[in-house]
Amino acid sequence: MSNLLSIGASGLNAAQVALTTVGNNISNVNTTGYSRQSVVQNESISPGGGRYTIGSGVDVQSVQRAYSDFLTSALWTSNSSLQRATTYNNLTTTLNSMLSASGNLQSSLDSFYGAFDTVANTPGVASSRQSLLGSASSMVTTFNTLAQQFTAQQGQVNSQISTTVDGINSVSSSIADLNAKIRQAGNNVPNDLLDQRDTMIQTLSGYMGVSTYAQSDGTISVYASSGQALVSGDKSFALSTGKDAYDASRTAVLDTTGTDITTKISGGTLGALLDYRSNVLDSVQNQLGQAAVALATSVNTQQAKGLDLNGNQGGAMFSVPSPAVMGNTNNKGSASVSASITDVSQLTTSDYVLSYDGNNWNLATTAGQSVAMTSNPDGTYSADGMTFSLSGSAQTGDSFKIQPTRAAASGLALTMTDPNGIAAAAALTSTAASANTGTGSIGAVTVDDPTNAALLSNATLSFPTAGSYQVTDSGGNVLGSGSYTPGQTISANGWSVTPSGTPAANDSYTIGINSNGLNDTSNALAMASLADKGVLNGGKQSVIDSYGTLTTNIGTVGSQAQTNLTTQTSLYNQAMSAQQSVSGVNLDEEAASLVRYQQAYQASAQVISTSQTIFSSLISAING
C-alpha cells in the first residue's frame, strides 16, 4: 500500500507544480520579455527484481522556459535595425521641418536677383537701390536662420549621443549583475533571471548593434558592433564620450582605453545618430555653405566689374568666412595651416584632412578618398578650389581638418549699407575714333580681372594695318600687340574686347572708364543674370540650382528614412511574431493545460484516498 501511496503523492506533487507553472504563465501573459514555462516530468525508475516491474510514480525534472536562441538573436538584430530606422526617421523629419520653418530661401533668392532687374530698369530711382539692399538683407537672414537651425540640431545630436552612451553603460551594468546571479544559481536554472537578462540585451540592442556569446557557466558576453566588449561575465566595460580630436564642439564615442570608436559603431539609436550626423547633417550644412560662398563670391566679383553711383569701382556687397582649419589635438609639431577659396567653380561639399607622413603633405576627404594637390611656386598647395598655406615644422602623423563651407551660411553677412554703392553701370566703355574708316566696332568691354590696378586707366586699341593690332596706355607705352583676324579677342589691363566687322588700317578705339554711369545699367543686368549663371560644379550649376539640389536631397533622405522605417517595422513584427510563437503565452493553451492538470491533481488525490481506504480495510481485517 505504501507504494500506491507514494505513487499518488508523486502525481499530486507533479500536478501541483504544473498547476503553479500554468498559473504563473497566465499571470505573466502581458509581461514584456516573459517566456512561457513548462514542467518537464520523467517516470520514476523502479527498482529491479521480481517477475514484473511496476512504475514508482513521476519525478518533476525541471521547470523550463520555451526558448529559441536563433529566434531571440534574430529579434535582437531586428530591434537594433528598427530603433536605428526610428531615430533616423525622426531626425530627417525634424530636418525637413527646419527647412520650411526657417523661411523660404528660394523666394529670398528670387527676390534678391529680381531686385537687380528693378535697379536696371530704374537706374536713377534711389528707392530701387534701397529695396535691393532690403532684399539682400532678408536673404542673408534666411541663410543665417537656416544655418543656425542646422547648428542647433548638431548640438541636439551631440547631446543625444551622450545620453545614449549613458543608457548603454547602465544596461550593460545590469546585464553583468544578472550574469553574476545566474552563475551563482548553478544548475538550478533561474528562468526569471534569464528572461530579465534577455530583456536587457534587447534594450541594449536598441541602443546599438550588438553580438552575444553564451559561456559555459551560464553567463553571456556582449560585444558592440565595433568589437568592443561591453559585458563579460559579471563585469561590464563602460563606453564614454569625449571631444572630437579636431572639433571640441563635436562629441566622440570612446572605448575603455580612450580610443575613438565613433566611426566603427553601427545599428541602434547610437548608430543612427552618428550616421545621420556624418552623412546627412554635415553634408547639408556644407551644401548650404557652398551656396552662400557661391552667392557672395559671384555677386562681389560682378560688383567689382562695374561702377557705383559715385563713379567708383564697385565694392563687395557680402562677406563670408574663410574655410575653417582645425589642428588635431595630438599634433606634435609647430606647423600651422590656413586655407582660402580661390576657385568657387571647383569647390565641393566635402570636408578634408591634410596630414603629414614625414616627407609629404597628403590630402583626403573625411570619407577617406585621396585628393590630388598641386604644388605652387610660392610654396602653397591647391586642390578642389582651395589654396593651402603652411608654416612651421610638422612632425610625422600631424594632421589638420579643413571645413571649406561649414560655417559659411551662418557667417554670411551683408557689408554694403549705402545704396549708392551698387555697381549698376559697366566699368569700362569703348569709343571709336571719329576718323575711323573701317566697318569694325566694339560693343561691351568685358572685365576679366577686376583686381588689376590699371583696370580703369585709359588705353587705346589701334590697328596699324588691317591685319595687326596694338594696345597702348595713356603714356604711349605698348601694352600688347600682334596679328589680328576678325572675331579675335584682345586683352589688356584686366579687360578684353572682341571687335566685330573689319577695322581699317589706322582705325583706333579708346578704352576707358565709363563716363555714362548713371544711365548705363549693364552691370546690374549682369548681376541679375547670376540667378541662372553656373558658378558651381565647374560652372554648370547656379546658386539657385544648388539650393534646389539641397532641398531635393533633404526630401529624398526623408522619404528613404520613412520607407526604411516601414520596412524595418514589418521585419521586427515578423521577428517578434516568430519568437512569440515559441516563447509567448497562449491563453487558450494555458486554459486547456489548467483543466488537464486540475484533473490530474484530483485523480492523484483519489489514488491517495484509495490507498488509504485499502490500507484501513487491511488493518481492520487483520485486527478482525
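1. Helices α5 and α6 are roughly parallel to each other, because the angle between them falls under 35 degrees. The axes of α5 (residues 191–207) and α6 (residues 268–304) cross at roughly 5° and come within 3 Å. Axes here are lines fitted to C-alpha atoms, for helices over the stretch in contact, and angles run from 0 to 180 degrees between N-to-C directions. S205, G206 and Y207 of α5 make the contact with G268, T269, L270 and G271 of α6, where contact means heavy atoms within 4.5 Å. By class, this contact has two nonpolar, five polar and no charged residues. Ala, Val, Leu, Ile, Met, Phe, Trp, Tyr, Cys and Pro count as nonpolar, Asp, Glu, Lys and Arg as charged, and the others, Gly among them, as polar.

2. This is a predicted model, in which local features need pLDDT of at least 70 and side-chain atom pairs count only at pLDDT 80 or more, while totals for chains, interfaces and linings use all residues. Residues are numbered from 1 along each chain as its sequence is written, and side-chain values use heavy atoms, with hydrogens and water left out. Helices (H or I, at least four residues) and strands (E, at least two) are DSSP runs, numbered from the N terminus.

3. On the α3 side, L105, Q106, L109, D110 and Y113 meet V543, I544 and Y547 of α9. The contact has six nonpolar, one polar and one charged residues.

4. L109 is also among the residues with the most contacts inside the largest nonpolar core, together with F112, F143, F150, L295 and F318. That core has 96 residues. A nonpolar core is a set of buried Ala, Val, Leu, Ile, Met, Phe, Trp, Tyr and Cys residues joined through side-chain atoms within 4.5 Å. Leaving out residues up to four places away in sequence, F150 touches L95, M98, L99, L281, V284, Q285, L288 and I554. Another core, of 20 residues, lies apart from it and includes L455, Y469, V497 and I511.

5. Strand β13 (residues 352–356) is largely enclosed by the rest of the structure, because four of its five residues are buried. Buried means under 20% relative accessible area, exposed over 50%, and partly exposed in between (1.4 Å probe, protein chains only). β13 pairs with β14 (residues 361–365) in the antiparallel sense over five bridges; two strands pair if DSSP finds at least two bridges between them. V353 has A364 as its bridge partner in β14. The two strands form a hairpin with four residues between them, and G358 in the turn has a positive phi of about 105°. β13 is also joined by four bridges to antiparallel β19 (residues 399–403), with S355 opposite S399.

6. An open sheet of four strands has the order β12-β18-β17-β16, with antiparallel pairing. β12 (336–341) and β16 (374–375) are the edge strands, each pairing on one side only. Within this sheet, β17 (residues 381–383) and β18 (residues 386–391) share three bridges, and A383 stands opposite M386.

7. D588 is found in helix α10 (residues 587–623). With 65% relative accessibility, D588 counts as exposed. Its C-alpha atom is separated by 85 Å from that of P377, 211 residues apart along the chain.

Conventions: Parallel < 35°, antiparallel > 145°, perpendicular 65-115°, else oblique.
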